[in-house]
Amino acid sequence: MKKILLPLLLIICIPLVVAVDYNINFTSPTYGNGTSTFNNTFPINVTILEDDILEVVHNRNGTNFTLFDSTLKLWLDFNNLSSLNETGNNVYDQSNNGNNASLTSATWTSDGKFQGAYSYSGADGGSYARIKDDDSLDFTNYTITLWIKRTGVGSSGTSGTGGITPEPILTKGRNENEGAGHDATFYLGWETDDNTIDFDFEDSSGPNHPTTGSSITLSNNKWYHVAVMVNMTHACIYIDGQVDVCNAVSATPAINDVDIGIGTGFTSTGVADGGFNGVIDSVQIWNYTFSPVSYTHLRAHETSLHL
């Protein structure tokens, strides 16, 4: 039986009547059933007990929004909303973990895959988004999903000796002292030699475990949905919902103290290297490895997140 805790913050100005449905409990600090309020904001804490939950939908003013459980650790949609205090220099983390991103020489565009996105110049260590390291980003099983559109040649980076040398798209660590707490948790990039997606991680003792050999050749100026799923037995890359390459591994990804880079890779001291030339949208990281069925379901409902 799964138990999902969903702390919600609704911003409305209407009387509140809380109704209790089967297997759904509203717990403190939710107002009592039948309470009316004209407060601008108030919390609703929902506990749902159910054997098999694929999604929860919150209907607000006739619009449905899919909600996620606590396995979602980072969600950046890049819409540059003033209501979220996004100013063009920062991006709000909608996973509620506070993993907000700061921006350096990235340009906002309204022409993202879903509304807004940020474009990166490809300059070597000069154009990126950065998410500070946090305990919520320490995990050994994970799923990464994002949308990318490469628009030109960038700058190659590297995940380290025995690893990969693509243009970095999303990273947590890069080449640095082996086995010193800085080993890469993940390094995802665009391989320029054959225009494919490469992925790598290091284990806690330092060795790299690259996932290469992609069979899907990508083109510039086209949107692609890229997903990576890693556990202690496999590392798999998906392109547009299809398995691209899946390698067997027998290692645990390292947990490090390095910031996440979007469009570049960082060392533990914040030195950036490499650059992706293109647009990146809707970055999500989960400390959970999706099954193929769950991933297909996520893809099918993704547009509801961006209405």
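Predicted model: local features only at pLDDT ≥ 70, side-chain atom pairs only at ≥ 80, totals over all residues.

Visitor: Take me in from strand 7. How many bridges join strand 7 to strand 8?

Guide: Two, and the strands run antiparallel. In that pairing V91 stands opposite A101 of strand 8. Next along, strand 8 pairs with strand 11 over four bridges, again in the antiparallel sense, and there L103 faces A129 in strand 11.

Visitor: Which residues of strand 8 are on the covered face, and which on the uncovered one?

Guide: Strand 8 covers residues 101-104, with A101 and L103 on the covered face and S102 and T104 on the uncovered one.

Visitor: Switching to rings. How many aromatic pairs does a search of the whole structure find?

Guide: Eight aromatic pairs. Take Y128 and F266: the ring centres are 5.0 Å apart and the planes are at 90°, so that pair is edge-to-face. It links distant parts of the chain, as Y128 is in strand 11 and F266 is in strand 20 (residues 265-266), 138 residues apart.

Visitor: Are those two buried or exposed?

Guide: Y128 is buried, at 12% relative accessible area, and F266 is buried at 0%. F266 also has R130 lying over its face, 4.6 Å from the ring centre.

Visitor: What about Y288 and F290, how do those rings sit?

Guide: Their centres are 5.3 Å apart with planes at 85°, so the pair is edge-to-face. Y288 has 36% relative accessibility and counts as partly exposed, while F290 is buried at 12%.

Visitor: Which residues form an aromatic cluster?

Guide: F139, Y142 and F186 form one.

Visitor: Where does the charged end of K113 sit?

Guide: Over the ring of W147, 4.5 Å from the ring centre.

Visitor: Now the packing. Which residues have the most contacts inside the largest nonpolar core?

Guide: That core has 42 residues, and the ones with the most contacts inside it are I148, L170, I197 and I262. I262 is the residue that stands opposite A129.

Visitor: What does I148 touch?

Guide: Leaving out residues up to four places away in sequence, its contacts include I169, W190, I197, W223, F276 and I280. K222 is among them too.

Visitor: And what's in the second core?

Guide: It's separate and has 10 residues, including L72, Y238, W286 and F290. F290 is the one whose ring pairs with Y288.

Visitor: Loops next. Where is T158 found, and is it buried or exposed?

Guide: T158 is in the loop between strand 12 (142-150) and strand 13 (167-172). At 19% relative accessibility it counts as buried, because the cut-off is under 20%.

Visitor: What does the side chain of T158 reach?

Guide: The backbone oxygen of I164, at 3.3 Å. Beyond four places in sequence, T158 touches I164, T165, R174, N175, Y187 and D273.

Visitor: Last one: where does G241 lie?

Guide: In the loop between strand 17 (234-239) and strand 18 (242-248). G241 is partly exposed, with a relative accessible area of 30%. It touches Y295 and R299, not counting residues up to four places away in sequence. G241 and H225 are 16 residues apart in sequence, with 7.3 Å from C-alpha to C-alpha.

Technical notes
Residues numbered from 1 in each chain as written. Heavy atoms only, no water. Pairing = 2+ DSSP bridges. Phe/Tyr/Trp six-rings, centres within 6.5 Å; stacked < 30°, edge-to-face > 60°. Buried < 20%, exposed > 50% of the residue type's maximum accessible area, 1.4 Å probe, protein only. Lys NZ or Arg CZ within 6 Å of the ring centre and 35° of its normal. Core = buried A, V, L, I, M, F, W, Y, C linked by side-chain atoms within 4.5 Å. Contact = heavy atoms within 4.5 Å. Polar contact = N/O pair within 3.5 Å; in protein donor to acceptor, adjacent residues only side chain to side chain.
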